[in-house]
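Open the model in your viewer and keep the sequence panel beside it. The stops below tell you what to select and what is there.

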Amino acid sequence: MTAEGHRAVLSARLEQTVLDEVTGMLREVLGEYEFTDAEITMSTRFHDDLELESIDLVTLSAALREHYGDSVNLAAFIADRGLEEIIALTVGDLVHHVVASLSAPAAEEV
């Protein structure tokens, strides 16, 4: 297997792991609404499919930071988006953000 192929396999495994972890966090957030039976996939939309409200996103953000550390910042991820973009966010968008955040080299401390 080439180095590029090896990286693709590792990336796919990391993506699946992050999807599983984010799904667990979402189920905890949604547990308060007895909405835990919903199928959560990469194309699941936070607003339309899961009916998450802003307070739920705050709770999810805290869970992400607790699990992954400060490198995964949901507030910063959505800060530059318009309302329509935020409404259209999918679980896959978040998973890709988490994977990119975890794969990015650590910023040098000054």
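Is D49 buried, exposed or partly exposed? D49 is partly exposed, with a relative accessible area of 29%. Buried means under 20% relative accessible area, exposed means over 50%, and partly exposed lies in between, with a 1.4 Å probe and protein chains only.

Before moving on, note the ground rules. This is a predicted model, in which local features need pLDDT of at least 70 and side-chain atom pairs count only at pLDDT 80 or more, while totals for chains, interfaces and linings use all residues. Residues are numbered from 1 along each chain as its sequence is written, and side-chain values use heavy atoms, with hydrogens and water left out.

**Whole chain**

Colour by secondary structure. The protein chain has five helices and zero strands. Along the sequence the pattern reads α-α-α-α-α. Helices (H or I, at least four residues) and strands (E, at least two) are DSSP runs, numbered from the N terminus. Of the 110 residues, 31% count as buried. Take contacts between residues at least 6 apart in sequence: 61% of them join residues at least 24 apart. Contact means heavy atoms within 4.5 Å.

**The loop between helix 1 and helix 2**

Select D49 again. D49 is found in the loop between helix 1 and helix 2.

Now select E51, which sits in the loop between helix 1 and helix 2. E51 is exposed, at 55% relative accessible area. Check its backbone: phi of E51 is near 55°, a positive value in a residue other than glycine. Most residues other than glycine have a negative phi.

**Helix 2 against helix 5**

Select residues 54-68 and 91-103, which are helix 2 and helix 5. Two packed helices are described by the angle between their axes and the distance between the axes. Here the angle is about 30° and the axes are 13 Å apart. Therefore helix 2 is roughly parallel to helix 5. Axes are lines fitted to C-alpha atoms, for helices over the stretch in contact, and angles run from 0 to 180 degrees between N-to-C directions. Angles under 35 degrees count as roughly parallel.

Show side chains. L60, L64 and Y68 in helix 2 meet L94, V98 and L102 in helix 5. The residues of this contact divide into six nonpolar, no polar and no charged. Ala, Val, Leu, Ile, Met, Phe, Trp, Tyr, Cys and Pro count as nonpolar, Asp, Glu, Lys and Arg as charged, and the others, Gly among them, as polar.

Leaving out residues up to four places away in sequence, L60 touches M25, L26, V29, F46, L74 and L94. The largest nonpolar core has 25 residues, and L60 is one of those with the most contacts inside it, along with L26, F46, L50, L64 and V91. Helix 1 (3-31), helix 2, helix 3 (74-79) and helix 5 each give two or more residues to this core. Helix 1 gives the largest share, seven residues. A nonpolar core is a set of buried Ala, Val, Leu, Ile, Met, Phe, Trp, Tyr and Cys residues joined through side-chain atoms within 4.5 Å.

**Two last picks**

Select T90, in the loop between helix 4 (83-87) and helix 5. T90 counts as buried, at 15% relative accessibility.

Finish on L14, in helix 1. L14 touches V99 and S103, not counting residues up to four places away in sequence.

Definitions and conventions:
Parallel < 35°, antiparallel > 145°, perpendicular 65-115°, else oblique.
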